[in-house]
Amino acid sequence: MHIAEGFLPPLHAAGWTVVAAPFVVHGAREVRRVVTERPDARLLLGAAGAFTFVLSALKLPSVTGSSSHPTGTGVGAIVFRPPVMALLGTVVLLFQALLLAHGGLTTLGANVFSMAVVGPWAGYGCYRLLARAPLGVAVFVGVAVADLATYVTTSLQLALAFPDPTSGLLGALLRFLGIFAVTQVPLAVVEGILGVLLVRALRSWAGPELAGFGRVGEPGPREETVDA
Amino acid sequence: MARLAIDDAAWGNRWRQRSTAEKALLALGLLVLAVTSREVVTGAAVLVLAVGCALVGARVPWRTYLRVVLAPLSFVVLGAASVAVTVGARPDGALLALGPVAVTDGTLTTAGQVLARALAATSAMALLATTTPVSDLLTGMRRLRVPEVVVDVAEVMYRFVFLLLDTVATVREAQTARLGYATGPAARRSLGMLGSAVLRQAWTRAQRLDAGLAGRGGSGPLRTLPALRPVSVPFVAVTCTGLVALTAASVVLA
């Protein structure tokens, strides 16, 4: 869920940019380390970023009949780890602002914090906690939690910027959570399912390149390839 | 080849040959003004200037520009509507009240301000997006000393985005022709397959590109020579004068 250009007051926009900056810098260092170790990762990371962008440009039909755009950062965080996703997500958000007019330049910091920092870390954390669960379950929960964490963070950012005159911060938070739940909760479920399909597909043919990229890349028992 | 309307406008407008610095100064200056000013009049002035520069100066197709400005509409309207109401104990002087939900003078003013600010800021951002291609902006970021690895990954991404959009369009057409989106469950299954197919394309194309480059001894960033575009002094002078005048006017008004 992108906060539109100019929607946040200037101080909030600047504040979230300052909060998000260290994560992005850390991500840039991590990417530099990965690329120095394995030069072929340079193009793979670029392709992965472009894939995230293209995925986010698709409209997903949700269960409630509405449609919304997937975030795409959950799967990325599981495959490439959150620091790398912080950088890739930042570039994807910049591209979305410039090429699709989703989000904006002044709200880039706030959007980076919710979509490229909190979402990936929360999703990745749940995915790691479920290390003993079947991979499909872990991926589904990870991707869905990444989406939900993003949605809660964005609502919190909006509530902080526009607290309710009578019921204060909490009232505003519940209000924003309620309004955007219609599209965001079904989206989390649909994107979770999509994430499982994508990771299965990746494992079935991209094993060698994924070695060193965490559990997804481990040579596990060959699961069934993508049915359907 | 897949295309994006904003990208088309960025490559084909009359300001294409202007230096990136000029356009960035104008658009970002207007953007900062739109976001920091509380006066609706300043927002309106930014809107008029941005639309004028884009449509008259750069000759951006008005349909494209309008679509950019209206793209975030659903979010802005939903968000502003949420700002316009207050939930909880009924406040004094409510204009409209329905159970625990009420609309007051104050909340309406805030919602109006937010709407105006978002509209003005979006029009300024659209001016930059529709006049300057992403590759020019990335070259500019390199000059501003953004780390090489970041610009490099972003350049690879820009290359890949259009290849992948092509794949999406082709696969989607084939799926639609086979009634892949006729029902809800079918649509979800089709999207899963579409996602996997595009992911596979991205992956194998990246590998083949890497192998091809490695075979030619390429190992570093794909640098190209940036076009030399001198900064036009009159353009910068007019921009600076306009921005300063607008800032002064909004300060006086406040």
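This short talk covers the confidence of a predicted model, the domains of chain B, and the packing of one helix of chain A against two helices of chain B.

Good morning, colleagues. Please keep in mind throughout that the model before you is predicted.

I begin with confidence in chain A. The mean pLDDT of chain A is 83, and 84% of its residues score at least 70. Among the elements of chain A, helix H5, residues 108-129, has the highest mean pLDDT, at 94. The lowest mean, 53, belongs to strand E2 of chain A, residues 67-68. Two stretches of chain A call for caution. Over residues 62-67 of chain A, pLDDT stays under 50, and the model has 15 contacts beyond four places in sequence for that stretch. Over residues 220-228 of chain A, pLDDT likewise stays under 50, with eleven such contacts.

I turn now to chain B. The domain assignment divides chain B into domain 1, made of 5-132 and 228-253, and domain 2, which covers 146-215. Taken over C-alpha atoms, the centres of these two domains of chain B are separated by 33 Å.

Next, the contacts between the chains. How does helix H2 of chain A, residues 41-57, cross helix H9 of chain B, residues 184-215? Their axes come within 9 Å and cross at roughly 155 degrees. An angle over 145 degrees counts as roughly antiparallel, so H2(A) is roughly antiparallel to H9(B). The crossing of H2(A) and H9(B) is right-handed. Among the residues that meet here are A:Leu44, A:Ala48 and A:Leu55 from H2(A), and B:Leu199, B:Trp203 and B:Leu209 from H9(B). The residues of the contact of H2(A) with H9(B) comprise 14 nonpolar, two polar and two charged.

H2(A) also packs against helix H8 of chain B, residues 148-177, at an angle of about 50 degrees and with the axes 7 Å apart. H2(A) and H8(B) are therefore oblique to each other. This crossing, of H2(A) with H8(B), is right-handed. On the side of H2(A), the residues include A:Arg42, A:Leu45 and A:Phe53, while those of H8(B) include B:Asp152, B:Phe160 and B:Val168. The contact of H2(A) with H8(B) divides into 15 nonpolar, two polar and two charged residues.

One detail links the two contacts. A:Phe51 of H2(A) is listed in the contact with H9(B) and in the contact with H8(B). A:Val54 is likewise part of the contact with H9(B) and of the contact with H8(B).

Thank you for your attention.

Definitions and conventions
Residues are numbered from 1 along each chain as its sequence is written. Chains are lettered from A and ligands numbered from 1 in the order in which they are written. This is a predicted model: local features need pLDDT of at least 70, side-chain atom pairs count only at pLDDT 80 or more; totals for chains, interfaces and linings use all residues. Domain bounds come from an automatic or database domain assignment. pLDDT is the predictor's confidence in each residue, from 0 to 100. Helices (H or I, at least four residues) and strands (E, at least two) are DSSP runs, numbered from the N terminus. Two residues are in contact if their C-beta atoms, placed from the backbone, lie within 7 Å. Axes are lines fitted to C-alpha atoms, for helices over the stretch in contact, and angles run from 0 to 180 degrees between N-to-C directions. Angles under 35 degrees count as roughly parallel, over 145 as roughly antiparallel, 65 to 115 as roughly perpendicular and the rest as oblique. A crossing is left-handed if the near helix is turned anticlockwise from the far one by less than a right angle, and right-handed if clockwise. Ala, Val, Leu, Ile, Met, Phe, Trp, Tyr, Cys and Pro count as nonpolar, Asp, Glu, Lys and Arg as charged, and the others, Gly among them, as polar.
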